[in-house]
Amino acid sequence: MPSTNKEKSKTAKKTSNGSGKKTSYLREDLYRILNDKNVADPKKEPKIDKEILLAMYRNMVRTRLYDERGMMLQRQGRIGFYVPSFGQEAIQTGTAACLKKEDWIFPSYREPGVFLYRGASIVSMFCNLWGNSGDVCKGRQMPVHYSFADLKLFSVSSPIATQVIQAVGASLASKIRKTKELAVTYCGDGGTSETDFHTGLTFAGAMKTPTVFIVTNNQYAISVPLHKQTGAKRLADKAIGYGMPGIAVDGNDVLAVYSAMKDAEKRAREGGGPTLIEAVTLRMGPHSSSDDPTRYRDEKMYDFWKGRDPIVRFSDYLKSKKLWDDKKEKALHSEIKEELAEAVEKAEKMAIPDVTDLFSDVYAEKTQQLLRQEAELLKEQELRGKFENTSEAFPL
Ligand SMILES: Cc1ncc(C[n+]2csc(CCOP(=O)(O)OP(=O)(O)O)c2C)c(N)n1
Ligand SMILES: [Mg+2]
């Protein structure tokens, strides 16, 4: 079982060296199961059914290919905006794989893999990117702001860390109702500087709510590097101040992420209260399709993390267990690419939302003011002709 900072609180050592050896950008305090050669430590290796291992691998590849498709659609000018999660597939999959369908998920905007693992419709996710009539939110949300109430996947919202307090509220409700459902929430390293993060963890610690806080430390908040974000050496150490266990894991080692999450999930489910998991990785893509990371990122650090691709590492592990091979890899890629192509074709064909959808779902019954505004807009449409989608550029 991974030990938390209750038992151990090592700070990160400076990892660079001037000996001519390749510089390591990996903190030494991280919980790891796969070593540098991608071999699992037999003492720590979690017991995971073969079907689950393969489902996890599939989800990581599916997430990567979904992200690639999202970026490509944006570059082709077919959608306005995209936020990729390149390099963060192990964090999303390793945590999602530990949850029950009754559990609540409050994601950030960089967790498409959590939606996919949970079974969200890929067509519906693409419809959100187009903001068309097939989108759950009928085009009233930003792209990548997915929302699946039936899967207990709370709507993504852009203001950083707002989901943290929402998750604590949901898990407090579950504690009061004695349902054994837990709530998991994701935020970034930048998110830990937000008031909502502090408020959420204060309440969770004091009320011992069944919440798991996943902090994806991808070392940047847009262009702001971690050392300018906080004076803390380890984000996992923030847990101490709120009276909960915290653990820092190698976010590119899906087995380590899974083990830390299993431990947190068990604690929450059995009434032991919340846990903070800091999953350390590097954001391998741009912040969003509007960003150019080459203007600010440390290229040596980038190259280092490129050599630690979580998908390659997991595939090496699965190959060593005789569960995977190159033929299966090829088949998986073509199957997923076909699935994505079909989903894109379906989603792109959907009509734009009806203009009256601007006024629906606000209240159970439209107020006088909404009715008046709706009538005005319809009159305008009569005069000018049907409104069309003219959003070619996205400002963010
Ligand atoms: C409250 C708030 N402040 C600022 C922003 C602008 N903003 C959008 S993303 C972002 C960076 C967040 O970084 P991090 O939490 O590390 O998550 P990451 O993008 O790395 O996944 C900022 C500052 C915002 N959306 N909300
Ligand atoms: Mg970040």
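1. Basis of the note. The model is predicted, and local features need pLDDT of at least 70, side-chain atom pairs count only at pLDDT 80 or more, and totals for chains, interfaces and linings use all residues. Residues are numbered from 1 along each chain as its sequence is written, while chains are lettered from A and ligands numbered from 1 in the order in which they are written.

2. Domains. The protein chain is assigned domain 1 (50-349) and domain 2 (355-384), with bounds that come from an automatic or database domain assignment. The centres of the two domains, taken over C-alpha atoms, are 36 Å apart.

3. Helices H1 and H2. Helix H1 (residues 50-75) and helix H2 (residues 89-96) have axes that come within 9 Å and cross at roughly 140°; helices (H or I, at least four residues) and strands (E, at least two) are DSSP runs, numbered from the N terminus. Axes here are lines fitted to C-alpha atoms, for helices over the stretch in contact, and angles run from 0 to 180 degrees between N-to-C directions. H1 is therefore oblique to H2, given that angles under 35 degrees count as roughly parallel, over 145 as roughly antiparallel, 65 to 115 as roughly perpendicular and the rest as oblique. Met56, Asn59, Met60, Thr63 and Arg64 of H1 make the contact with Glu89, Ala90, Gln92 and Thr93 of H2, where contact requires C-beta atoms, placed from the backbone, to lie within 7 Å. By class, 3 of these residues are nonpolar, 4 polar and 2 charged, with Ala, Val, Leu, Ile, Met, Phe, Trp, Tyr, Cys and Pro counted as nonpolar, Asp, Glu, Lys and Arg as charged, and the others, Gly among them, as polar.

4. Helices H2 and H9. The axes of H2 and helix H9 (residues 254-269) come within 8 Å, crossing at roughly 35°. On the H2 side the contact involves Ala90, Ile91, Thr93, Gly94 and Thr95, which meet Val254, Val257, Tyr258 and Met261 in H9; this contact has 6 nonpolar, 3 polar and no charged residues.

5. Helices H4 and H12. Between helix H4 (residues 122-130) and helix H12 (residues 326-349) the axes come within 9 Å and cross at roughly 50°, and H4 and H12 are therefore oblique to each other. H4 contributes Ile122, Val123, Phe126, Cys127 and Trp130, and H12 contributes Glu339, Ala343, Val344, Lys346, Ala347 and Glu348, a contact of 8 nonpolar, no polar and 3 charged residues.

6. Ligand 1. Among the 15 residues around ligand 1, Ile160, Gly188, Gly190, Gly191 and Ala221 come nearest, a residue being near if its C-beta atom, placed from the backbone, lies within 6 Å. Strand S2 (183-188) and strand S4 (220-221) are the elements that give two or more residues to this shell.

How values were computed:
Contact = placed C-beta atoms within 7 Å.
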